[in-house]
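I wanted to go through this fold piece by piece and jot down what turned up. Here is the structure I had open.

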Amino acid sequence: MAVYGYVCSGSLKIDELDRALFTSGCSEVFDDFVISTAAPGTGWRKLLSTVRAGDTVRIADWGNLSRDTKSAEFITSTLTELGVRVETF
């Protein structure tokens, strides 16, 4: 069972968040620099194609990732339906 990280941020601190997730034990970190409500980013799509049931995904900078309740619920429910544990970082 692997631990992955996910960062979605519109700021330059994305590199800092990536480093923090690797330091916390993530084997791979997926990120999207542009936040879009219209379509998932390439990092999100790669994450979904990589994770398997039993894996853990650490979400960095939850405030940037989910600007509204609907987005937060979508992210959490999508991963949970795949059998993936979600942690906020």
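Which residues is V57 in contact with, leaving aside its neighbours within four places in sequence? I looked this up in what is a predicted model. The list I got for V57 is Y4, Y6, L47, V51, L79, V84, R85, V86 and E87.

**Strand β3**

Then I looked up the partners of β3. Strand β1 (residues 3–8) pairs with β3 in the parallel sense, over five bridges. Strand β4 (residues 85–88) also pairs with β3 in the parallel sense, over four bridges. T56 makes a handy landmark here: V3 stands opposite T56, and T56 stands opposite R85 in β4.

**The cores**

What makes up the largest nonpolar core? I found 12 residues in all: Y4, Y6, C8, F30, W44, L47, V51, V57, I59, I75, L79 and V84. At least two residues of this core come from each of β1, α2 (42–50), β3 and α4. β1 gives the most, with three residues. Apart from that core I found another one of seven residues, including I14, C26, V29 and A60.

**Cysteines**

I looked at C8 and C26 while I was there. C8 has 7% relative accessibility and counts as buried, because the cut-off is under 20%. C26 is buried too, with a relative accessible area of 5%. My count of disulfides came to zero.

**Helix α2**

Which residues of α2 are buried? I wrote down G43, W44 and L47. Seen down the axis of α2, these buried residues fall within an arc of 100°, so they line one face of the helix. I found the exposed residues K46 and S49 on the face of α2 turned away from that buried side. As for what covers the buried residues of α2, my list includes β1, β2, β3 and α4.

**Helix α4**

The buried residues I noted in α4 are A72, I75, T78 and L79. Why do the buried residues of α4 line one face of the helix? Seen down the axis of α4, they fall within an arc of 140°, so one face is what they line. As a reminder to myself, an α-helix has 3.6 residues a turn, so residues three or four places apart point the same way. On the other side of α4 I found T69, K70, E73 and E81 exposed. Just after α4, G83 takes a positive phi of about 80°.

**G25**

My last stop was G25, in the loop between α1 (14–23) and β2 (28–32). Its relative accessible area is 47%, so G25 is partly exposed. Leaving aside neighbours within four places in sequence, G25 is in contact with V3 and R58. I also checked G25 against A2: they are 23 residues apart along the chain, and their C-alpha atoms are separated by 9.5 Å.

Methods. Residues are numbered from 1 along each chain as its sequence is written. This is a predicted model: local features need pLDDT of at least 70, side-chain atom pairs count only at pLDDT 80 or more; totals for chains, interfaces and linings use all residues. Side-chain values use heavy atoms; hydrogens and water are left out. Buried means under 20% relative accessible area, exposed over 50%, partly exposed in between (1.4 Å probe, protein chains only). The arc is that of the directions from the helix axis to the C-beta atoms. A disulfide is a pair of cysteine sulfur atoms within 2.5 Å. Two strands pair if DSSP finds at least two bridges between them. A nonpolar core is a set of buried Ala, Val, Leu, Ile, Met, Phe, Trp, Tyr and Cys residues joined through side-chain atoms within 4.5 Å. Contact means heavy atoms within 4.5 Å.
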